Amino acid sequence: MVDYLKIIDLVAKKHGISPRQLVGKSRMRHYVTARANAAHILRHDLGLTYPAIGMILGGRDHTTIINLLRHHARMVELQVAREENYERVVKNLENSLSDPG
């Protein structure tokens, strides 16, 4: 079984912050993004409840965790949209370069 402290450490390292910053009170975007990633892993990979995740992430309320998970879902949607847009641009560029006329 994966220990939730290990997840906090790994997510913090991935985002270039300390575990203390990840579970801290700051609402700076960088920390919120890291927290949202951690909440997603804790919920979907470990199956923890919203209150349990809230306690792990600095004693936050379960509704805050629900909002973090919504934030994570929006981030994923935006990333997918960016990738699809990039692929469209590349395809259009390839088509215009291969078109002799």
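I call a residue buried when its relative accessible area is under 20%. One reminder to myself: this is a predicted model.

Entry 1, helix α3. I looked up its length before anything else. Helix α3 runs over residues 29-44, and at 1.5 Å a residue its 16 residues should span 22 Å; the end C-alpha atoms sit 22 Å apart, so the two agree.

Which residues of α3 are buried? I get Tyr-31 through Ala-39, that is Tyr-31, Val-32, Thr-33, Ala-34, Arg-35, Ala-36, Asn-37, Ala-38 and Ala-39, plus Leu-42. Their cover includes α1 (4-15), α2 (19-23), α4 (50-56) and α5 (62-98).

I checked the packing: the angle is about 100° and the axes are 8 Å apart. Angles of 65 to 115 degrees count as roughly perpendicular, so α3 is roughly perpendicular to α5. On the α3 side I list Val-32, Thr-33, Arg-35, Ala-36, Asn-37, Ala-39, His-40 and Arg-43. From α5 come Leu-68, Leu-69, His-71, His-72 and Met-75. Sorting the residues of this contact, I find 6 nonpolar, 5 polar and 2 charged.

Where is Thr-64? I find Thr-64 in helix α5. Its relative accessible area is 31%, so I note Thr-64 as partly exposed.

Key:
Residues are numbered from 1 along each chain as its sequence is written. This is a predicted model: local features need pLDDT of at least 70, side-chain atom pairs count only at pLDDT 80 or more; totals for chains, interfaces and linings use all residues. Side-chain values use heavy atoms; hydrogens and water are left out. Helices (H or I, at least four residues) and strands (E, at least two) are DSSP runs, numbered from the N terminus. The expected span of a helix is 1.5 Å times one less than its number of residues. Buried means under 20% relative accessible area, exposed over 50%, partly exposed in between (1.4 Å probe, protein chains only). Contact means heavy atoms within 4.5 Å. Axes are lines fitted to C-alpha atoms, for helices over the stretch in contact, and angles run from 0 to 180 degrees between N-to-C directions. Angles under 35 degrees count as roughly parallel, over 145 as roughly antiparallel, 65 to 115 as roughly perpendicular and the rest as oblique. Ala, Val, Leu, Ile, Met, Phe, Trp, Tyr, Cys and Pro count as nonpolar, Asp, Glu, Lys and Arg as charged, and the others, Gly among them, as polar.
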